[in-house]
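Hi,

Here is the structure I promised to pass on. Have a look, and then read my notes below.

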Amino acid sequence: MTAATIRHDWTRAQVLNLFQQPFMDLLFQAQTVHRANFDPNQVQVSTLCSIKTGACPEDCAYCPQSARYDTGLEKQKLMKVEAVVKEAEAAKAAGATRFCMGAAWRSPKNKDMPYVTDMVRRVKSLGLETCMTLGMLKDEQAEELADAGLDYYNHNLDTSKEYYGEIITTRTYDDRLQTLARVRAAGMKVCSGGIVGMGEEETDRAGMLQQLANMPEHPDSVPINMLVKVTGTPLAENDDIDPFEFIRTVAVARIMMPKSYVRLSAGREEMNEQMQALAFFAGANSIFYGEKLLTTPNPAANQDMMLFAKLGIQPETREEHMSDAQQTAELEQQLTERANEERFYNAAV
Ligand code: SF4
C-alpha cells in the first residue's frame with residue numbers, strides 16, 4: 001500500500017492493528033500519508049454558525065441542544081437570512097473559507113427549505129464554501145440543497161454501529177447512512193465523522209473509522225470531535241479520554257482516508273497547544289475557527305492564529321481565490337494584525 005492508496009475494504013482487525021502500533025510508528029505513518037496528499041503546513045479553516053439552537057427532539061446523549069436535557073441552553077428559532085449573511089461576512093473577514101450552518105432539528109420541515117436554500121445562495125455569493133447540518137434528509141430535500149449550490153452536508157456517524165444505541169435511541173445508524181447516501185446521490189460533498197470520549201472502546205473508534213472509510217466514496221471531510229462534557233447531559237460525568245488515544249484516532253483517520261480533510265472539531269478548548277500540534281502532525285488539517293462551536297466554547301480566533309504562527313502553519317485559501325491577489329493580501333494582513341495584537345497583549349501582561 002502506498003501513501004496515496006484509497007481503500008474501501010478495511011477489516012476491523014486491520015484498523016485495530018493501526019491503532020495498536022507503537023505511537024511513534026503510527027504518527028510517522030500518518031505524517032507520511034499526510035505529506036503525500038496535502039501541504040503539511042496548511043490547515044483549512046471553517047466557521048460554524050448555529051442557525052437554529054436547542055429544543056431538538058432527538059436524544060443524543062452528548063448534546064446540550066436536546067430538549068430532553070436541562071442544560072440551561074438558550075433556545076433560538078431559525079435565524080433570519082440577513083442575520084446569517086452578516087455572520088458569514090464576519091467569518092470571511094476573519095479568514096474562514098467555509099461557512100457551516102447548523103440547525104438543531106431531527107430533519108428539516110418542507111416549510112424550512114426555502115429559508116435554508118436562500119441562506120446557501122446568499123452565503124455562497126460571498127465567495128465562501130457552504131456546509132449545512134440539518135439532520136436527516138429526504139431525497140428531494142437533498143436535491144433542493146444541491147440545486148441551491150450547497151457544497152458540503154455534515155451528518156456524523158458519531159461512533160460505531162455497535163455502540164450507537166448507547167448514545168442515541170431516537171434514530172438508527174442506518175438512518176444516518178441513508179442520509180449520507182442521499183447527500184452523495186444529490187452530488188454534494190460529505191462531511192461525516194464522530195465523537196471520541198463517549199465511553200466507547202477502542203474497537204468502537206475503529207468501527208466508526210472503518211464504516212467511514214468503507215463507504216463507496218470517502219467523506220470529503222472527517223470531523224473528529226472530543227466529547228465536550230456539558231452539565232445536564234447524560235455524558236457529563238464521563239471519564240476523560242486519554243489524549244494519546246485521541247491523537248491515535250486522528251492518525252488512523254488520516255491513514256485510512258488519505259485524501260479527506262480530517263478536522264479537529266469540538267473539544268479543542270480542552271486541548272493545549274502541544275496536543276493540537278500533535279493532532280496536526282497526525283494529519284488533522286482543518287479546524288473550526290471562531291468563538292463558538294455551535295453551543296460549546298471554541299478557542300478564540302486570535303489564539304488559533306497565534307498557534308498557527310508558532311507552528312508556521314498557513315490557513316488554506318480557496319483555490320479559485322488564489323489568483324485574487326487582493327483577497328489574499330487582505331487575509332494575510334488580517335492574520336498578521338491578529339497575531340501582532342496577541343503578541344502585544346502578552347508582552348504587556
Ligand atoms: S446532535 Fe443534533 S440531532 Fe442530536 S440532539 Fe443535538 S441537535 Fe439534535
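Is the crossing of helix 8 and helix 9 left-handed or right-handed? The crossing is right-handed, meaning that the near helix is turned clockwise from the far one by less than a right angle.

Before the rest, some background. This is a predicted model, where local features need pLDDT of at least 70, side-chain atom pairs count only at pLDDT 80 or more, and totals for chains, interfaces and linings use all residues. Residues are numbered from 1 along each chain as its sequence is written.

Back to the helices (DSSP runs of H or I, at least four residues, numbered from the N terminus). Arg-205, Leu-209 and Ala-213 of helix 8 meet Thr-249, Val-252, Ala-253 and Met-256 of helix 9; contact means C-beta atoms, placed from the backbone, within 7 Å.

Now the ligand. Around it sit Cys-56, Glu-58, Cys-60, Cys-63, Gln-65, Ser-66, Ala-104 and Gly-135, each with its C-beta atom, placed from the backbone, within 6 Å of the ligand.

Finally, Gln-76 lies in the loop between strand 1 (42–52) and helix 3 (81–93). Gln-76 has 14 C-beta neighbours inside 10 Å, so it counts as partly exposed (20 or more would be buried, 12 or fewer exposed). Beyond neighbours within four places in sequence, Gln-76 touches Lys-52, Thr-53 and Gly-54. The C-alpha atoms of Gln-76 and Lys-52 are 5.6 Å apart, though 24 residues separate the two along the chain.

Cheers

Key:
Helices (H or I, at least four residues) and strands (E, at least two) are DSSP runs, numbered from the N terminus. Two residues are in contact if their C-beta atoms, placed from the backbone, lie within 7 Å.
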